[in-house]
Amino acid sequence: MAKLRALGELVYDQIERGEHPVLRIPDRSVSNIIYDEKLRQYVLGNKVTLRTTRNVKHLRAFAQLIWLAYFSKLLSESHKTSTLRDVFYSAQAYRVDFEDQDESDERITELEALLGMAREEFNVYPEERSSIFGNLVIEYNVPGYEGRRLDLTSHPDGVMIGPALTTADFVETDAELVIAIEKGGLFTRFIEEKVHERFKAILVNTAGQAPRATRYLLRRLRSELNLPVYILTDGDPWGMHIAMVIISGSANAAHLTQLNVPDASWIGVWATDILKYKLPYDKLTDADVKRLRELARDPRYSGDPWRSQIDSFLEHRRKSEQEAFAKYGLTYIVDKYLPDKLGR
Amino acid sequence: MRRSVGASFSEISPSEFFYRNRDLAGFTNPTRALYFSLKELVENSLDSCEASQTPPEILVSIEVDEDGPSEDPRFYRIMVQDNGTGIPAGDLADAFGRVFYGSKFKLRQSRGIFGMGATMTLLYAQATTGKPAFVASSTTGRRYHGLLMKVDIERNRPVILRRLEGRARGWRGTLVSATILGDYQKAESKVISYLEQTAMAAPYASITFRDPRGRQMVLERVADSVPRPPRETLPHPSGVDVETLRKMVKAWRGGGLADFMVRNFQRVGPKTAEAFLAYAKFDPRTDPRTLTEADLSRLASALRSYGGFLPPDASYLSTLGPELLEAGVRRLLQPEFCAVESRRPQAYEGHPFVVEAAVAYGGPRLKPGLTVFRFANRIPLLYDESSDVTWKVLNSMDLRSYRVGPEDPVGVVVHLVSTKIPYKTIGKEYIADRPEVEREIRLALRSLFRALRNYLSRKEHMVGVARRANIYSKYMPLIARFSAELAGRARLPRYEALIPRAELAGEGGGEDGAGERAQDP
């Protein structure tokens, strides 16, 4: 809130002095994205871009940016949240026009960079589709639900990870680890097979690439409850990268920190597992191979097990989905594979 | 062509000769014949008005004559009336019913190719519909004389069927009406273009046209000054061929060669004549009539190769001048921008010429892309456009370098004024690519397109300034408002000074308002 006010004052005072207002925004272009070894994530370098109304081409974007800041202030003052899509539509009421949602999303990202805050901190969230299940009791903080508690095993489909859950306090748990799963099918299988009890695990369905709120929640589970985080994805370059983004953050969000879990482990499905467990497979496509070569050049992939898994993929040119374990029966992945990977 | 004129002349009458060669004058089919009839009559009328410096008032009508077929090609009565000098009653019949073949060798910038267009129209009418023509004229405004007449082709003389006379009620001028076989449906677009473009090259003329369906098009004059009419001049020595020389010699009634030179050619005085004859190795005292065929051709080639003559005298040419040309272009095209250029006189093969040109841009009437308007001695040239030298020049210019895209509405006007227009062949309406003429056209168009480029850059800049001002007036108040809200201030910051002002200087607005087509039922 203070940051928003400071932004307003900065712009106001410049205009009042008869100057064209200028904002210094950390440059998010590729040339300014640097891999930070210590943080194990991408961060922005020192370059900034100037956004100024002196340039007529910046004017519209400037107006959008300052409106977004104003809109965020309204949201937080009224304890409301908004989805990215809401933001796009709300703008029209203020005669601030966005070409499409891509443009409003882009401006939100710019505001994040400018303020050094994640959009969730100024109450803007993406549409949610990831969910969580496990022996964890939380207590809400959102208006109208203050103090209300929820046992995350109370709903057999899992509980959606939204703004309310992300900001809730963790009250009580007997869990010993967290397993993030790429797909809803396997997440449901794990609930049915009572993985949360057998392995004392909190299960998180990332539903593909984990949304920021989910990554933020995973980070809190790690840091506040001190639970190790394991990640289970499809055995292909895309699944591998879903795991990497949870561990090291995404290049797109290089202007934000605190959204990753540096010591989470990718436990599978590894390229070597495809051979070891004789999994049914598909041939890697040209796009898969191209993606693997890209990943091989990415500094985040220089360590283990990444490097050797990329080599293994490129060698046998196979990929397998998590569901491939069904070849050995529906419970094999829980009975055999998971204990193997968790070292039990 | 000239050879056959001379050779045929003793055997058939001039009118029969012209009738036999009517294709050369453009009367090739009912469509063209209709167009050329109208054209010849209108040009006669304009010449007559200009000769007396009267701002022309031309009334043109085409009506269906029901005696002929009921569908095109059918009979059309073409009527053209002017307010020119008129023709005295005693000369009226001969003026339209006889082709004169003079023995003068003077040159004059003239509209027509043959200079006998009205008679041609009458001959064509007679051959296709058999109907007599009606001609009437008044020189005083008090009484008019009219004739219902035909032409005796073989004997080259008028046949008067009926005489009429009456009170002119203030009308002075000439009226011609002839019924020909024509195809108006096919000729319509050419007829309209012809009249519009004629008005472009004669902005001091008012032209009213009534079409066969009774619709009326009025092209009001937008200028009052009529250009000085072209004067007759002697030919320039370097532009004379053997054939002309032979006829000059035949008609010569004077002294020796030196005298012959001085009295038959422009810009040749005794000294020049003497110097030339020494160069050509002729005795100045030789009687020209004693020259042999071989002498004549030696003389002709010496005239062409001698470099000592003064350049042709262009003062005999009658140009439109930049003001009239611009007025004409603006009347027809109502462009948002128009630039004109009159080049200085030049000469090719002994013929003086002047190139006048204009480039117009935008406005309600120009279609996307280039439209070319060609004129020779104020006559619009509508046929054979793609072969014309103007297109050759345009095709060799990179218009993109003048900020002109292929879809931009641009009109290019080129007017060639000369005592001899270098048509490629008789009956064709395009100008041959004489290097001297081509060069002048190129220089004129380059300078005009540069002017257009400057205009377009300025316009683009103005549009940019206006757009900028617009964007600022939309967003600055928003930025001010939201920053005030964020900062928690009650008053808006003073942002007004940060909005640039749009200075929209007007340029080339040029709506003259005249020249619209009125359509009456």
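This is a predicted model: local features need pLDDT of at least 70, side-chain atom pairs count only at pLDDT 80 or more; totals for chains, interfaces and linings use all residues.
Two strands are taken to pair if DSSP finds at least two bridges between them. On that basis, Val340(B) stands opposite Ala358(B) in strand 11 of chain B.

Strand 11 of chain B spans residues 351-361. Eleven of its eleven residues are buried, so the strand is largely enclosed by the rest of the structure. Burial holds for both of its faces. His351(B), Phe353(B), Val355(B), Ala357(B), Val359(B) and Tyr361(B) point one way. Pro352(B), Val354(B), Glu356(B), Ala358(B) and Ala360(B) point the other way.

Strand 9 of chain B, residues 337-342, runs antiparallel to strand 11 of chain B and is joined to it by six bridges. Strands 10 and 11 of chain B form a hairpin, with two residues between them. Glu349(B) lies in the turn and has a positive phi of about 45 degrees. Strand 14 of chain B, residues 409-418, is linked to strand 11 of chain B by nine bridges, again in the antiparallel sense. Ala360(B) has Gly411(B) as its bridge partner in strand 14 of chain B.

At the level of whole chains, chain A has 13 helices and 17 strands. Chain B has 13 helices and 14 strands. Buried residues make up 41% of the 344 residues in chain A. In chain B, 43% of the 521 residues are buried. Of the contacts in chain A between residues at least 6 apart, 70% join residues at least 24 apart. For chain B, residues 24 or more positions apart account for 76% of the contacts with a separation of 6 or more.

In chain A, strand 12 covers residues 177-181 and is mostly covered, with four of its five residues buried. Strand 12 of chain A pairs in the parallel sense with strand 13 of chain A, residues 201-205, over five bridges. Ile179(A) stands opposite Leu203(A) in strand 13 of chain A. Strand 14 of chain A, residues 229-232, is likewise parallel to strand 12 of chain A, over four bridges. The bridge partner of Ala180(A) in strand 14 of chain A is Ile231(A).

Chain A also holds an open sheet of three strands, in the order 9-8-11, with antiparallel pairing. Strand 9 (149-151) and strand 11 (169-173) of chain A stand at the edges. Each has a single partner strand, so one side of each is left without a neighbour in the sheet. The twist averages 25 degrees from one strand to the next. Strand 8 of chain A, residues 136-139, pairs with strand 9 of chain A over three bridges. Within this pair, Glu139(A) stands opposite Arg149(A).

Between the chains, 24 residues of chain A are in contact with 21 residues of chain B. On the chain A side, helix 1 and helix 2 (56-77) each supply at least two residues. Helix 2 of chain A gives the largest share, ten residues. By class, the chain A side divides into 14 nonpolar, four polar and six charged residues.

Helix 1 of chain A, residues 2-16, packs against helix 13 of chain B, residues 435-487. Their axes are 7 Å apart and meet at an angle of about 130 degrees. The two helices are therefore oblique to each other. The crossing is left-handed. From helix 1 of chain A, the contact draws on Leu4(A), Arg5(A), Leu7(A), Gly8(A), Glu9(A), Val11(A), Tyr12(A) and Ile15(A). From helix 13 of chain B come Ile479(B), Ala480(B), Ser483(B), Ala484(B), Glu485(B), Leu486(B) and Ala487(B). This helix contact has ten nonpolar, two polar and three charged residues.

How values were computed: Residues are numbered from 1 along each chain as its sequence is written. Chains are lettered from A and ligands numbered from 1 in the order in which they are written. A residue is buried if 20 or more other C-beta atoms lie within 10 Å of its own, exposed if 12 or fewer, and partly exposed in between; C-beta atoms are placed from the backbone. Axes are lines fitted to C-alpha atoms, for helices over the stretch in contact, and angles run from 0 to 180 degrees between N-to-C directions. Angles under 35 degrees count as roughly parallel, over 145 as roughly antiparallel, 65 to 115 as roughly perpendicular and the rest as oblique. A crossing is left-handed if the near helix is turned anticlockwise from the far one by less than a right angle, and right-handed if clockwise. Two residues are in contact if their C-beta atoms, placed from the backbone, lie within 7 Å. Ala, Val, Leu, Ile, Met, Phe, Trp, Tyr, Cys and Pro count as nonpolar, Asp, Glu, Lys and Arg as charged, and the others, Gly among them, as polar.
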